[in-house]
Amino acid sequence: MTNGKYGDFGGQYIPETLMNEVINLEKSYEFYKNDEKFKSELDFLLKNYANRPSILYFAKNMTKDLGGCKIYLKREDLNHTGSHKINNVLGQALLAKYMGKKRIIAETGAGQHGVATATAAALLNLECEVFMGEEDIKRQALNVYRMELLGAKVTSVKTGTGTLKDAVSEAMREWTRRVDDTLYVLGSVMGPHPYPMIVRDFQSVISKEARSEILKVENRLPYAVIACVGGGSNAMGMFYNFIQDKTVKLIGCEAAGLGVDTDKHASSITKGSIGIFHGMKSLFCQDKFGQIAPVYSISAGLDYPGIGPEHAYLHSTKRATYVPIKDEQAVLAFEYLAKTEGIICAIESAHAIYHAMEIAPHIDKNENIIVCLSGRGDKDVASIARYKGRNIYE
Amino acid sequence: MNNYFKDNVFNKGKAFIPFITAGYPTLEDTIKFVLKMEEAGADLIEIGIPFSDPIAEGPVIQNASTVALKRGASLDKIFEMLEVLRQKTKIPLCFMSYINPLFKMGYDNFFKKCDELNIRGVILPDVPFEEKKEVEDVAKNYNVHIISLIAPTSNERIKTIAQKSSGFIYVVSSLGTTGVREKITTDLSKIDEIIRQNTITKTAIGFGINNPVQAKEVSKHADGVIVGSYIIKIIDKYQSDAQDEIYKYVKEMKSAINTP
């Protein structure tokens, strides 16, 4: 047992009922990650099913328009199911299969992780139940139907704020009920150890590819890599293989909603404080009595009151920096990328695009930055239209 | 300190331990209900500190927590209420809380308060054995026990947890969250046997227990029985007027588990 600490952060703050199972999960993961059969099967799925490696795309128009450093986009949106979530889900679902589990459960916010989990379950013939907050079910109706189409049961979570945090709580509760035949496929680098480690490892393929690709085309490391953070899985994946490259700035973009000076945001690093919740010690939006605060973002995928423990650690050591991006800025970037590059990205990823737009003009032309384009934006089109005052319903 | 629960809670036959969410429906009602429970023969009262996101609770206690928080049952108000309560009764009390409210208040401040109020045990459902060190030393400084939980899935962990236990051991009767169950299917006698082989610490069984017949059955495998959700359901129904129903229920349960 390593106990999964990242400095002061991380740990395993979960009910005793789950302890043997997370220990079992860690042991299984440590075994299978070095098992040739498991590795080759996962590798095959990533290449032939998920469409890896994802493209490192040079955003020529955007670079020219902004007039600074070169901008590259790591196109996780082109993966099967439309986001980086599939990288982790294939790994965990395959692990579930090797562990002899019959059923997987998952939480979802925007629906991306739920869709990816339902997809992997269909492929690997596992029973699947996805927990989703009732507010998110309204915001992301199309993804709900997608999951059902894939054979998953979608359970509406009505407790609390009816968003991602409540979906996580309910998935944890369900796991304590069915711990014997079920694996909880957690979607982000959060929760109790070993999840932050497992999810980071499965997502680190993003920076593994990006690092070798950028060295190939630019023959130099990027000035910065940028990703949006909710729980922080695409960001951890984008950062991981650059952590040792001290010159590369790691920048996470968290959801500032209507602004960090209002109470409508989800900026757990900018405005949160240390706490213990959902199995981990990390940074959370909370009140002075330690009650978890309701959070808000236009993006259902970033609408979470905490952040993975390794991000809290990278923040505390100043290895990574985190900036808040408001709804209106994300929407502006969403439209900008569509018009400039012909790419409709997820509203989550648009938070990272906005920050790239802000900093690129000030960085030398010989440098380059990589933005993780974590997902595609089809799911967001209707809600952005409504945000802009056009009454479109899916 | 080591014998507090043995001498004050588990010293009158099988112990009956009712749970109540602080501030549900109001903090004044909590005082009233605790006093009624004592009158009815409760041996220890478990005071639940409401939390916004209680991951080990079923819908009944989740709802009570939400309502209590909405009506302002913050930790400082709960301590104020307990100060008033302590002027009226010496009944043994323990806390049931998620770790974050304690962390935020500061462990030293929290356990110091417990000591002042003679609250000798704290149950933390999201702090398993591996993370107990988070609070153990501070709690010990103030003579407060961290109550260990043992679950149906604990298996080989039972031995270690039992050996390192203090205060009393909370045996979780069933998988899943808190809430009323028709049947308890866990092999409680086996768990009980392993615990007894490894410690003299007293035990209480909770999760899912509601009626006298069931309580009597599970009490064969422990020194006490804990009931939470069923009491909250009584309060759901009768609200601020629940004291007589609570009294009847506690009396019936205490008597059932002590009838040969």
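Author: Start with one residue pair. In this predicted model, T108(A) stands opposite M132(A), which belongs to β6(A). The strands around that spot are β5 (residues 103–108) and β6 (residues 127–133) of chain A. They pair in the parallel sense, over six bridges.

Now widen the view. The order β7-β6-β5-β8 of chain A makes an open sheet of four strands, with parallel pairing. Its edge strands are β7 (153–157) and β8 (182–184) of chain A, and each pairs on one side only. On average, neighbouring strands of this sheet are turned by 25° against each other, direction ignored.

Next comes the helix. α8(A) lies across β5, β6, β7 and β8 of chain A. Relative to β5(A), α8(A) runs at about 160°.

From here, turn to the interface. In all, 36 residues of chain A are in contact with 41 residues of chain B. Between them, chains A and B bury about 3,100 Å², 52% of it on carbon and sulfur atoms.

The rule finds four salt bridges across the interface of chain A and chain B. K165(A) and D53(B) meet in a salt bridge through their side chains, at 2.5 Å, N to O. The helix returns here: α8(A) gives the largest share of the side of chain A that touches chain B, eight residues. By class, that side has twelve nonpolar, 14 polar and ten charged residues.

Definitions and conventions:
Residues are numbered from 1 along each chain as its sequence is written. Chains are lettered from A and ligands numbered from 1 in the order in which they are written. This is a predicted model: local features need pLDDT of at least 70, side-chain atom pairs count only at pLDDT 80 or more; totals for chains, interfaces and linings use all residues. Side-chain values use heavy atoms; hydrogens and water are left out. Contact means heavy atoms within 4.5 Å. Buried area is the accessible area (1.4 Å probe) that two parts lose on being put together, summed over both. Helices (H or I, at least four residues) and strands (E, at least two) are DSSP runs, numbered from the N terminus. Ala, Val, Leu, Ile, Met, Phe, Trp, Tyr, Cys and Pro count as nonpolar, Asp, Glu, Lys and Arg as charged, and the others, Gly among them, as polar. Two strands pair if DSSP finds at least two bridges between them. Axes are lines fitted to C-alpha atoms, for helices over the stretch in contact, and angles run from 0 to 180 degrees between N-to-C directions.
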